[in-house]
Amino acid sequence: MIKTEKVLHLKSSRGRKVRVVREHYLRERVPCYSSLCQAECANEGKVLSGDVTHYVVPDAGVARDFMEVLEFREIQGVVFTQTACQAVQHTRGRRQYNRLRSLLKDPRHDCVLFANEFQEYSFCPREKGEPQDKWQTRCVYQAAVWYHDHLAGLKPIVMITEDQAAVVEYGSLNRGVYILSTQEYLRTFWPGLQAAQELYCSIAQALQERGSEGTEREYTEHLPAEVLEAGIKSGRYVQGTLNVNKHRSQHEAFVRFESSSNKSTELNSDVLVCGGKNRNRAVHGDMVAVELLPKGEWRGRTMALTEGQGEEKGEETQSQVMPTGRVVGILQRNWRDYVVTFPPREETQSQSRNSQRILVTPWDQRIPKIRISTQQADILQDHRVIVRLDSWESTSLYPNGHSVRVLGRAGELETEVQTILIENGVHVAPFSEAQLREMPVSSSERPWTLDPEQVVTRRDLRDTHLVFSIDPLGCEDVDDTLSIRKLPPGPRGPRLELGVHIADVTHFVKEGSLTDLEARTRATTYYLADRRYDMLPAVLSADLCSLLGGVDRYAMSVMWDLDAQTLAVNKVWYGRTLIRSSYQLHYELAQALLDGDEADVPELVKLPPGKRDVQLAQLIEALETLTHVARHLRAQRDSGGALELEGVEVRAQLDQDKNITALVPRQPLEVHETVAECMIYANHWVARKIQESFPQQALLRHHPPPRQEFFTQLQDSARARGFTIDTRSNKALAESLDRAVDPQDPLVNRLLRVMATQAMSNALYFSTGACPVDQYYHYGLALDRYTHFTSPIRRYADMIVHRMLTAAIAMEKGAGPAKASASSKELEELAQHINNKNRAAQHAQKLSTELFQCLYFRDKDPQSDERCVANAVIYSTRANGMLVFIPQYGLKGAVYLKNREGEVVSVMQDGRCEWKAGSLLRSLDHISTTTASGTSTFNLFQHITVQISVQPSRCHSDTLHLEVVSSKPHRTPEPQGQTTPPQGTRGRSRLVQEVVRQAEEASQQAEEKRGRASRISREEREFRQSKVPNLYCLLEEVRELALLDITGCGVGLGSAAQPCSASA
Ligand SMILES: [Zn+2]
């Protein structure tokens, strides 16, 4: 080893230059991390594939400015030098450096780090007077040459640099390394990767323009990091996350601080930040430091509800003053990819004095306009494009950014769906070939078979247990099955054995494999209104992990040895099993068998009558015993206060091709509850098991009790109908909701349950080590421990839990403390990641529903089209209007009774409504308007007629606008009894179908017009992995908790009309 010195010139955060001398040790053996290594390097972990045409070594400047381009997974064989990585670290900050590090770690990217400065022969000391960038380029070149020699010329080595002089200088040396500019490299080696070339141009353009900034200051400078840190410590500044008010994005933002960081004792609320100057270039989501203004300058938040399009200046009522401040520095930028819309041509021209700079408008209203440099403004007008932010200087009114990818024309279905996905951080590229290569083969030529080793190690239930599944008709991905049988009597009397057998997904998906990483990144299967994106490849989800009837399958089982009389648990067995399901039942069939109705069981049809009767009797007996057990379990939970909330009663009806033809209300069959109860039981017992085995690092799911103040709306609304809702405990709430039934109008109870659901907090995953034991409780299910075990095909949490259960079993068998796969901290981070992804999935689903609603109504004339007029029920009053629910379309929204001209809605004799000058008075159970012609009153739960229209928006999503046209119901509301389907459910699927059909027609027409390839490109087609949304799974999720707001499947305008505090 050779000792030398290395001199670094760093810039401190204040901009001072610092000279640092470090001791530097050189070694002969530094691993090359190439699978082609001839020198037996100690290449542990990730290595470069040998299966590429060349290796590419980016210069420091390329790594610094064009890392995004190198992030394309298609670009393989990338060697990042230590020199380049350090350049990123020193010039681009921690965030960018971490991004590079995770790129290097991620096995899905074929790139490695070569520690060139530690390698004796590739290190070159900096010469006196040599500029830093020249020296870095020389180092990288030297490293490339070393790499070439080290691999004995087996692979061509290409070095890419933005330094044209270097291309000329080193290109002539003939030492076996090719030198190219980045652009030339992309053109030569990746001609098919158009997106990478475009991204390159976009970044290059942005860099070029950056140099020509103005000098006039628009904002105050941010304070240096040391000053901020000291200020936060001393309590002078407050640290928190900036939240922009979506409805007043220009003017109003709040800083939500972490209580721990807050030293100022008088602060117990958010800090208000008014206007752009005070926001000082902070972007929604950034971690900022704020300084409070003198109390005399404090202001209040704006309270009145406003329609999306504008403010009613005179109407603004301000609440009490609250701490108000200004941003003095940014602690961490949390910028992501933003979807923006390019301005129409007129606007780009008016901006054109600055040649190619244009202002684009983000889809997310909370994000400021972004200035980008492009030559494509003309082509891209009215398109939606992904952009990234680069910088926001104090001299610039707007932040600078660059475009990354074009999504398509605004308003087209595919563009809008992709927008929703990207805005929610949902990335669902098709499964890569490398991932699919990890999958077992299962085809008609090469059918999948049992592994003899597995047969030996698993408990074989094929001959001993009657296993069956109960799912909706047509279900393909069966992830759970059941069994029940009598056991020989024990010392305390007769015994029963209940079994829950779940698809053994983790047998096929090894921890850390590419498929596992992808599933972890996705965390869940995503369900949108017209499609779904699976978490796992189809060979698992629809085949090998689907517990179909009559085939051998691996399972993870929980089996309870129960006292047949008291149903007390004698013993629980957990383990891997081998099953063969005998019956694949659907709910209606199972219920018919239980009810003693005539029903054909497909599996028995071909048997001789005698044998058939015996088997049928066995099956019915099993179903009956199961029902008995489930009733008992449910009663146990009920006595503890389990909640039955709204959102359960629709199911998907499928045609022969497994397309959903309708959503019909699920007959409330007892067998649904029976299956659900068994799954809840299994989840509960697995939670107990893993928590016992790993008290500090088990993945559980809890449901915190709701905050009492969120129940106000529910209680007020119920009182209007003479009901009292007791919210003191889950049990009291459940019982009082059960009593709040209006025999005249079933919608009353349904809406009350919706409101109860809205008041709930979300159920969340957590690591037991990160949460005190008294907070493990699951409020909705009334269980002290809970987790997710029963759906590993579509939830990553269940896969983690399966692995934990496996480790717990191994530990019990004396395999020593199984390697705890993750520390509590890591597990907690993973739990947060899954929680975030679930939130994103729900949000994307809600937005996609709203998108379809808007597309459906977009081309209909509200004045003449009957479909735009509907019956609505008032469920809440607001200062200037009310919130209504429209059963026919399953949507909720705000109806305004006062407009911007100050007119109010007045009701005529026949119920028709007109706008007139007047005033408005709101109370808890009604809202009245008074005009010259008299007083009109709207009561809670009153049925009225509304007209639905679309409020188009060029840059954001369209919204629905509701206007009251009559104070009377549109039609006599159909009795919404248990036998009549609520119209909403059917209305919605018809709506989705019509919108999809329109979109396809439109794209076909466009295709004919342009006379070229299909508008919905093959890529886009492949992008969606399944056209058939599996609503079954969705509904099962809801059923388990009923905490999702899928009331009539729609969410509508409610959120747009509620004050931002309600969404907190
Ligand atoms: Zn080597």
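This note goes through the cores, sheets and helix packing of the predicted model.

1. Ground rules. The model is predicted: local features need pLDDT of at least 70, side-chain atom pairs count only at pLDDT 80 or more, and totals for chains, interfaces and linings use all residues. Residues are numbered from 1 along each chain as its sequence is written, and side-chain values use heavy atoms, with hydrogens and water left out.

2. Main core. The largest nonpolar core holds 107 residues. A nonpolar core here is a set of buried Ala, Val, Leu, Ile, Met, Phe, Trp, Tyr and Cys residues joined through side-chain atoms within 4.5 Å. Buried means under 20% relative accessible area, exposed over 50%, partly exposed in between (1.4 Å probe, protein chains only). Phe80, Leu752, Ile886 and Phe938 touch the most other members. Helix H23 (residues 824-858) gives the most to this core, with 10 residues. Helices (H or I, at least four residues) and strands (E, at least two) are DSSP runs, numbered from the N terminus.

3. Second core. A separate core has 84 residues. Ile470, Val509, Tyr796 and Ala831 are among them.

4. Around Phe938. What does phenylalanine 938 contact, leaving aside its neighbours within four places in sequence? Its partners include Ile874, Met882, Leu897, Val905, Val907 and Cys913. Asp925, His926, Ile927, Ile944, Val964 and Ser967 are also in contact with phenylalanine 938. Contact means heavy atoms within 4.5 Å.

5. Four-stranded sheet. The order is S36-S37-S38-S39, in an open sheet with antiparallel pairing. Two strands pair if DSSP finds at least two bridges between them. Strands S36 (903-907) and S39 (934-939) stand at the edges; each has a single partner strand, so one side of each is left without a neighbour in the sheet. Neighbouring strands are turned by 50° against each other on average, direction ignored. Strands S37 (residues 913-922) and S38 (residues 926-931) run antiparallel and are joined by 5 bridges. Serine 919 has threonine 930 in S38 as its bridge partner.

6. Five-stranded sheet. This open sheet runs S10-S9-S8-S11-S14, again with antiparallel pairing. S10 (271-274) and S14 (325-332) are the edge strands, each with a single partner strand, so one side of each has no neighbour in the sheet. The twist averages 40° from one strand to the next. Between S8 (residues 237-244) and S9 (residues 252-257) there are 5 bridges, and the two strands run antiparallel. Leucine 242 stands opposite valine 255 in S9.

7. Strand S3. This strand (residues 55-58) is covered on both faces. Tyr55 and Val57 lie on one side, Val56 and Pro58 on the other, and all are buried. S3 runs parallel to S6 (residues 157-161), joined by 4 bridges. Valine 56 has valine 158 in S6 as its bridge partner.

8. Helix packing. H10 (residues 413-423) packs on H23 at an angle of about 155°, with the axes 9 Å apart. Axes are lines fitted to C-alpha atoms, for helices over the stretch in contact, and angles run from 0 to 180 degrees between N-to-C directions. That makes H10 roughly antiparallel to H23 (angles under 35 degrees count as roughly parallel, over 145 as roughly antiparallel, 65 to 115 as roughly perpendicular and the rest as oblique). H10 contributes Leu413, Glu416, Val417 and Ile420 to the contact. H23 contributes Ala844, Leu847, Ser848, Leu851, Phe852 and Leu855.

9. Leucine 960. This residue sits in strand S41 (residues 959-966). Leucine 960 counts as buried, at 5% relative accessibility. Valine 950 is 10 residues away in sequence and 4.6 Å away in space, C-alpha to C-alpha.
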